[in-house]
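Hello,

Here is the structure I promised to pass on to you. Please open it first, and then read my notes below alongside it.

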Amino acid sequence: MPHPLDPLTKNEVAAAVEIIRRDAGLDKSAWFETITLDEPGKAELASGKTLPRQAYVCCYEPSSNRTLRGIANIETGALESWEHVEGVQARIVPNESVAGGNVVKADKRFLEACAKRGVTDMDLVLVEPWAAGNFDIEEEQGERLAYCHCWVSNDAGDNRYGRPIANLHPVVDLQRMEVIRIDDFGVVPLPPDTNSIRQSENLRDDIKPLEIIQPDGPSFTVDGYGVEWQRWKIRVGYSLREGLVLHNIAYQDGDRVRPIMHRASMAEMVVPYGHPGGGNFRRNAFDTGEYGIGNALDSLKLGCDCLGHIHYFDVCSHDWNGNPKEIKNAVCMHEEDFGLLWKHTDTHSGNMRAVRSRRLVISALCTIGNYVYGFFWYFYQDGTIGVEIKATGIPFPSAIALGEKPKYGALIAPGVEAHVHQHTFSFRFDMCVDGNRNSVREVEFEAPPIGPDNPNGNAVRIVDRELKSELEAQREMNMASSRYWKVTNPNEQNALGNSTAYKLVPGANALPLLNPQSSVGKRSAFMYKHFWATAYADDELFPAGWYPNQSGPGEGLPKWTKADRSLENADVVTWYTLGFNHLPRPEDWPVQPVVYASFHWMPDGFFDENPALDVPPNKPQT
Ligand code: NI
């Protein structure tokens, strides 16, 4: 019996396709945007009832330019629901992207524009159709569009982005699969050839083997997609859109299993680029909602992507015909030594107590075009949860004439410029700290003025206030007050008489530079606040809405929170926006060493004392 939150299997994906093809009344041209587990709602899961395995399916029908979706019951074979979603565009799927690129490469106007630039061998050309956004351009309204970016491969053939064709942007109608126009903003010389990504000669010869050995095996146990490690209990999940999802995160505290998060995922991201000229303003990517992270997960390789004693989880994606596409080793899990956990030396007696920190790592990597994103979740022995993005791959390159200086980017190789951009991720945490009734608080450090209560100017007050409703709970970081947020359970107290809580500890972060009145800014309003909290609703999963491809303004978080629902002792969802500005360096070319961005959730009065006092010391080695 699969667990209700287990990802769909290959057979289940195939069964869902059969139901849709048979009962949804689509014509033959229709293709599958998404076939993924229809996750049971919180109440259904809690009911303890046996729940049917169901698939959420979204299709696009080119003949009618319609996006349709519904629920297929895999056990009964019934199509439980099916609807046309008015005025939206499905995500761009990989097969569609390839087809769009091929249409461009056969277009006479495109061939002419390439010839003007000395490019004639189409086998070396990469045309990438990107989601076109929504810029109120009349001829684009109601069309299913892609705005393309183009490159020529390097001579070594291992970098298809090696020589950017700047200023050339075919606009493709993906419904009819035709080029509707070619935006050509003038010839920029192709950069000279660029180095191979993988050097074959002169590799370092001074690196000795480093082996990670766990002679007695790992300390985790796995049952299907359920994981237990140290005191942690976690379910690994998968969505075709978000990729890695974690469910039912709980901590075994004595004889109590204490829930912390019901569901956690990276729910949306947007990467706006900062060059205003030519067609560059259209360069931005909602990688989750416009393309899907889950269908782009890498099949990981032991010894390359992952080192040590690894447990892999497989997932099942699909192509646009609905053929199941298994991704073996899509999610990696292993343990890491993480340095010191805690230490005390009694300087009087000389007694030293120290224990090493072990962490459980659950991760997935996705390759979207030029770029690679890693999503790493860490579980620590002291109850801390860490989240880390690892960004690598090829920085999105454009061309610039030799001798010219970039104004909105950086020169990263001769004739190659990378435009400044921001990576912004929205993480969604469906919280259940000691149960489903939680509250949200903001904590700040405040220095009162010198006066009777603070004669020496050293006083620091803690201002801890409740964020009672959704409009109140839209917050930015503040370095001056070290602001952070916590989710408490006002119905549960620790030994000190305070509500049990987890706090969200921001790390390095950024604020958007994209103007909030810009088209992309209005479609990604989530990025203007680091912290949001909302009242739980089953279908409020994606902060820029369900259909960001060519979406209008204000979908998702801004729309839902207008209701200003109460967050007091309520079923609460929190959202954290993590961003970093990226001005690529020459060192990021031809492939970028990993850039890290991270934050943590830490217990804050969840336990009565350090919960890791029982971690045994390691044997001293001599
Ligand atoms: Ni970047």
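What follows is a short tour of the places I would look at. Please keep in mind that this is a predicted model.

**The nickel site**

Let's begin with the metal. Which residues coordinate the nickel ion? The donors are Tyr371 (OH), His421 (NE2), His423 (NE2) and His582 (ND1), at 2.0 to 2.8 Å. Along the sequence these donor residues follow the spacing Y-x49-H-x1-H-x158-H. Two of them tie distant parts of the chain together: Tyr371 belongs to strand 19 (residues 371-380) and His423 to strand 24 (residues 421-431), 52 residues apart. The geometry counts as irregular because the four donor atoms subtend angles of 90 to 163° around the nickel ion. Tyr371 counts as buried, since its relative accessibility is 5%. His423 is buried too, with a relative accessible area of 1%.

**A nonpolar patch on the surface**

On the surface, Leu210, Ile212 and Leu307 form a nonpolar patch, and together they have about 300 Å² of accessible area. To find Leu210, go to the loop between strand 9 (178-184) and strand 10 (220-223). Is Leu210 buried or exposed? Its relative accessible area is 62%, so Leu210 is exposed.

**A buried serine in a loop**

Ser481 sits in the loop that runs between strand 27 (474-475) and strand 28 (484-493). Although it is in a loop, Ser481 counts as buried, because its relative accessibility of 7% is under 20%. Apart from neighbours within four places in sequence, the residues in contact with Ser481 are Glu444 and Phe445.

**Backbone details**

There are also some backbone features to look at. The peptide bond leading from Trp589 to Pro590 is cis, and its omega is near 0°. Pro590 is in the loop between strand 31 (572-582) and strand 32 (592-603).

Positive phi values come next. Asn248 is not a glycine, yet its phi is positive, near 50°. Asn248 is part of strand 13 (residues 243-253), and with a relative accessibility of 28% it counts as partly exposed. Asp564, also not a glycine, has a positive phi of about 50°. Asp564 lies in the loop between helix 7 (557-561) and strand 31, and at 30% relative accessibility Asp564 counts as partly exposed.

Best wishes

Terms used. Residues are numbered from 1 along each chain as its sequence is written. This is a predicted model: local features need pLDDT of at least 70, side-chain atom pairs count only at pLDDT 80 or more; totals for chains, interfaces and linings use all residues. Side-chain values use heavy atoms; hydrogens and water are left out. Donors are N, O and S atoms within 2.8 Å of the metal (3.2 Å for Na, K and Ca); water is not among the atoms, so sites may look incomplete. Four donors count as tetrahedral if all angles lie between 85 and 135 degrees; four count as square planar and six as octahedral if opposite donors are over 155 degrees apart and all others between 65 and 115; anything else is irregular. Helices (H or I, at least four residues) and strands (E, at least two) are DSSP runs, numbered from the N terminus. Buried means under 20% relative accessible area, exposed over 50%, partly exposed in between (1.4 Å probe, protein chains only). Patches are made of residues with over 30% relative accessible area and no salt bridge: like charges are joined within 9 Å, nonpolar side chains (Val, Leu, Ile, Met, Phe, Trp, Tyr) within 5 Å. Accessible areas come from the Shrake-Rupley method with a 1.4 Å probe; for residues, only the protein chains shown count as cover. A salt bridge is a side-chain nitrogen of Lys or Arg within 4 Å of a carboxyl oxygen of Asp or Glu. Contact means heavy atoms within 4.5 Å.
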